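The sequence and model are shown first.

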Amino acid sequence: MSAIAHAEDHAHDDHGHHKETFITKYIFSQDHKMISKQYLITGLIMGIIGIAMSILFRMQLAWPDHKFTIYEVLLGKFGEDGVMDPGIYLALVTIHGTIMVFFVLTAGLSGTFSNLLIPLQIGARDMASGFLNMISYWLFFLSSIIMVFSLFVEAGPASAGWTIYPPLSALPQAIGGSGAGMTLWLVSMAIFIASSLLGSLNYVVTVINLRTKGMSMTRMPLTIWAFFVTAIIGVVSFPVLLSAALLLIMDRSFGTSFYLSDIYIQGEVLHNQGGSPVLFEHLFWFLGHPEVYIVLLPALGITSEIIATNSRKPIFGYRAMVASILAIAFLSTIVWGHHMFISGMNPFLGSVFTFTTLLIAIPSAVKAFNYITTLWKGNLQLNPAMLFSIGLVSTFITGGLTGIILGDSTLDINVHDTYFVVAHFHLVMGISALYGLFAGVYHWFPKMYGKMMNKNLGYIHFWVTAIGAYGVFFPMHFVGMAGLPRRYYTNSNFPYFDDLADTNILITVFALITAAAQLVFLYNFISSIFYGKKAVQNPWKSNTLEWTTPVEHMHGNWPGEIPSVHRWPYDYSKTNENGEYVIAGQDYVSQIVPLQEGEEELHH
Amino acid sequence: MTVFLTLVVIALFGITLWQMSKILKLSQLKNADNSQVANDKDNDLQGKLMLGFVIFLYVLTVYCFVQYRSFFLPESASEHGVDYDQLMFISMVLIMFVQIITQGLLHYFAYKYRGKKENKALFFADNDKLEFIWTIIPVIVLAGLIIYGLFTWTDIMNIDEEEGDPLIVELYAYQFDWRARYAGEDNELGKANVRFIEGVNTLGIDASDTYGNDDKITTELHLPVNRKVIFKMRSQDVLHSAYMPFFRAQMNVVPGMITEFAYTPTLTSEEMKNDPYMIDKVATINKIRREKSKKLVAAGEEPLDVYEFEYYLLCNKICGVSHYNMQMKIVVESEEDYEAWLKTQPTFKEQLSAQASN
């Protein structure tokens with residue numbers, strides 16, 4: 001096998017002798033562990049901005065008639081006298097969506113943990129190309145800067161919704177944010193896509209080529225499977241968003257008519273003829289739907305690993321889990337039309353997309369059942385990472401189930417674009433993926449910073465977040481079923497919605513509390529980096545390779561030879577026929593331990 | 001209110017800090033074990049909290065369904081809406097059933113198997129039979145749902161202009177309002193394009209197309225009860241979406257193309273207003289409005305109007321700054337009332353000649 005041969009001669013490379021300066025170590029680092037930390041911190045900062053925006057517009061929704069000085073402080077001329085401008089409301093909603101989906105949950109989650117774990121868990125010295133990896137991060141950083149910068153342009157940032165449907169996003173006459181703000185948005189996203197592609201290609205190549213001796217595909221931890229498949233989906237679908245964005249840039253700046261036709265605006269007929277906004281919707285959602293899984297699969301991979309480790313049990317149905325990941329990945333590319341049932345596309349297509357969409361519920365259900373079975377008869381170590389993983393399974397089920405309603409073209413008619421949808425996708429991809437991110441941070445913090453996070457603060461963080469997240473999004477379904485549209489600046493123009501006002505206040509109060517709980521996390525994160533208890537090599541008694549590396553980071557990961565792998569990563573609580581653990585007195589067997597005498601390898 | 005809120009936020013923040021410092025202290029004082037890895041005591045407490053959490057979830061679910069039952073839309077005012085509601089009800093019962101069982105198991109297991117030092121986990125990696133069962137059950141259930149859903153979908157979306165005597169109405173959307181165009185005597189809409197927009201011809205009707213002469217443009221949507229309506233939708237500028245929740249109807253309005261939706265209204269506005277559900281609902285809303293008005297009057301502002309229910313059409317696709325207030329009143333009435341109302345509306349030709357004579 002060429003992969004193994006390569007890994008072997010890689011082992012003889014001498015990685016330790018580069019002279020490192022501050023700049024090559026901390027800024028333009030090519031070391032995957034440092035890049036992973038850079039992704040995490042950038043992602044967290046973007047997360048703070050994204051969540052702060054959601055707090056502002058939730059306040060507006062809850063108390064539309066009240067004046068808040070904070071609007072004026074934060075929004076300047078768009079919040080004059082404490083009254084939020086309707087345009088900036090839409091901008092906040094738009095940028096909140098963009099930042100959370102792409103910058104926090106794609107780059108912050110997948111970027112962080114793919115970078116950290118792929119080389120460490122497959123037994124590689126680094127990514128296939130450390131240089132491209134570095135470029136990938138710096139492109140991401142640049143796109144974040146441009147996105148944040150776009151908040152400060154004169155006419156306001158992009159405000160056509162995170163889906164930037166034209167013509168609204170194409171015409172500055174239609175909304176102020178579609179001027180310079182939109183241009184910056186598109187530039188930022190184009191750079192982001194380049195960053196994501198470089199990263200994904202690197203992940204794919206690394207997983208295929210740099211696995212250590214004995215690390216066959218079926219011995220890879222599920223985290224790696226998830227990152228690997230996520231990267232493939234990214235490579236397949238992100239270029240389509242790039243082309244969608246390029247065509248939109250052409251329509252905006254060069255007078256083409258890909259998406260525009262027959263438009264009369266501000267007393268003037270535009271020359272555009274023959275384009276269709278529906279084309280944009282197809283292109284956008286061809287990425288947009290796989291994007292949901294790009295966000296979610298890494299979280300599910302992280303959870304699989306954490307649940308198995310903390311249950312002291314093998315993950316139940318490893319093969320089924322891998323098959324589900326593959327099935328979800330495949331199906332995710334053919335379900336995009338369920339965002340467009342009522343877009344004016346041919347209703348027959350709607351039937352096809354209903355069919356494929358409800359199919360995707362099957363592998364998702366299998367995954368949920370397998371998680372529950374993994375807990376069954378375990379010896380659960382309820383660390384904060386484990387709590388977040390269980391929380392993820394819970395919100396994944398709740399949010400996934402309402403997907404059965406939205407995925408049904410008939411039922412979608414009356415709940416489309418209402419708060420029902422908002423509640424659904426926040427639970428199933430927003431909260432679930434965030435839980436995955438938190439679980440990953442709590443679990444691999446010792447690996448990243450060589451310190452432990454405070455568990456009690458972790459518990460507080462989890463419980464307040466768990467209750468708050470359901471408090472926000474569970475009642476929101478009911479508001480949606482009342483027919484309340486999303487992206488409304490205020491609901492007071494429809495007296496019919498007056499009785500929803502109290503519930504909106506309730507939701508906002510939960511949102512404020514939940515956001516405050518994230519400060520606990522931030523405090524814990526930062527203080528643990530500096531003052532945390534020093535970590536031992538394998539604090540969670542885990543089997544995977546990353547826990548065989550020294551606590552102190554070193555370039556090349558392992559001093560001396562790369563370890564070879566002799567078993568799958570889930571030999572937790574494995575016993576011999578006499579009922580004793582395989583290694584006496586220890587309920588786990590690291591992947592680097594050869595099969596013991598009389599031990600059978602499981603053909604999982 | 002602002003002051004109160006600020007105080008609440010500050011107080012919450014303070015409590016957080018206080019609790020944090022307290023817990024830090026407790027965790028350092030009480031036990032020598034500060035490995036930051038969960039020990040038996042943590043497992044015990046967190047496991048119990050998991051059980052508490054699922055109870056919280058159940059209570060929240062029951063609370064929402066009971067407290068918010070008045071949020072559900074009233075009985076459908078259109079023919080296909082009855083099937084829609086039926087399918088929604090079945091799906092809802094199904095997902096709530098699965099939700100209760102799976103959340104229960106998940107959290108109960110988290111409680112039941114909370115770790116203890118002396119416990120041993122069961123090495124249980126695979127069971128083909130079990131996995132087969134929980135693959136096949138969703139397959140069967142979803143197949144049922146898919147088939148049911150698809151039949152209903154086809155029924156709703158198959159728009160046949162030949163069948164019966166459907167009324168043809170154009171819904172015209174622009175930033176930030178709606179217009180309706182009735183096809184007139186010939187029940188045939190005149191050709192239109194935004195390039196013809198001029199003066200009173202705000203919908204861009206082609207004046208040279210004789211079908212357009214008897215078209216009537218209105219600011220309210222009146223529909224005769226029990227007659228099928230086919231909506232032809234056109235947008236002047238950006239994407240909009242014509243959402244008529246009481247009729248379980250929605251379709252995007254796309255510049256450059258004509259989208260369609262059809263339904264048969266079955267309940268007149270009067271009937272809906274006198275529905276016991278709606279009487280209650282309107283009473284609640286008016287109570288809220290009266291209280292709000294009191295405050296407004298006290299602050300020297302205009303009180304709110306008393307609310308009376310009318311069907312409405314709203315825009316449900318982000319379309320610009322006033323997206324939140326893009327609505328049109330819908331009136332469903334008897335055939336005679338509808339005819340009488342329509343007579344009072346001028347035709348397109350009359351509007352044009354009125355403009356010419358000015």
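## Sheet and helix packing

β4(B) pairs with strand β10 (residues 327-333) of chain B in the parallel sense over 4 bridges. Strands pair if DSSP finds at least two bridges between them; helices (H or I, at least four residues) and strands (E, at least two) are DSSP runs numbered from the N terminus. The model is predicted: local features need pLDDT of at least 70, side-chain atom pairs count only at pLDDT 80 or more, and totals for chains, interfaces and linings use all residues. Residues are numbered from 1 along each chain as its sequence is written, with chains lettered from A and ligands numbered from 1 in the order in which they are written.

Opposite Glu333(B) in β10(B) stands Pro224(B). An open sheet of 5 strands with mixed pairing holds both strands, in the order β4-β10-β9-β6-β7 (chain B). Its edge strands, each pairing on one side only, are tabulated here.

| Edge strand | Residues |
|---|---|
| β4(B) | 221-224 |
| β7(B) | 249-253 |

Helix α7 (residues 335-344) of chain B lies across β4 and β10 of chain B and runs at about 145° to β4(B). Axes are lines fitted to C-alpha atoms, for helices over the stretch in contact, and angles run from 0 to 180 degrees between N-to-C directions. Contact requires C-beta atoms, placed from the backbone, within 7 Å.

In chain A, the axes of helix α3 (residues 32-62) and helix α6 (residues 130-149) come within 10 Å and cross at roughly 15°. α3(A) is therefore roughly parallel to α6(A) (angles under 35 degrees). Residues making the contact include Tyr39(A) of α3(A) and Phe140(A) of α6(A).

Definitions and conventions. Two residues are in contact if their C-beta atoms, placed from the backbone, lie within 7 Å. Angles under 35 degrees count as roughly parallel, over 145 as roughly antiparallel, 65 to 115 as roughly perpendicular and the rest as oblique.
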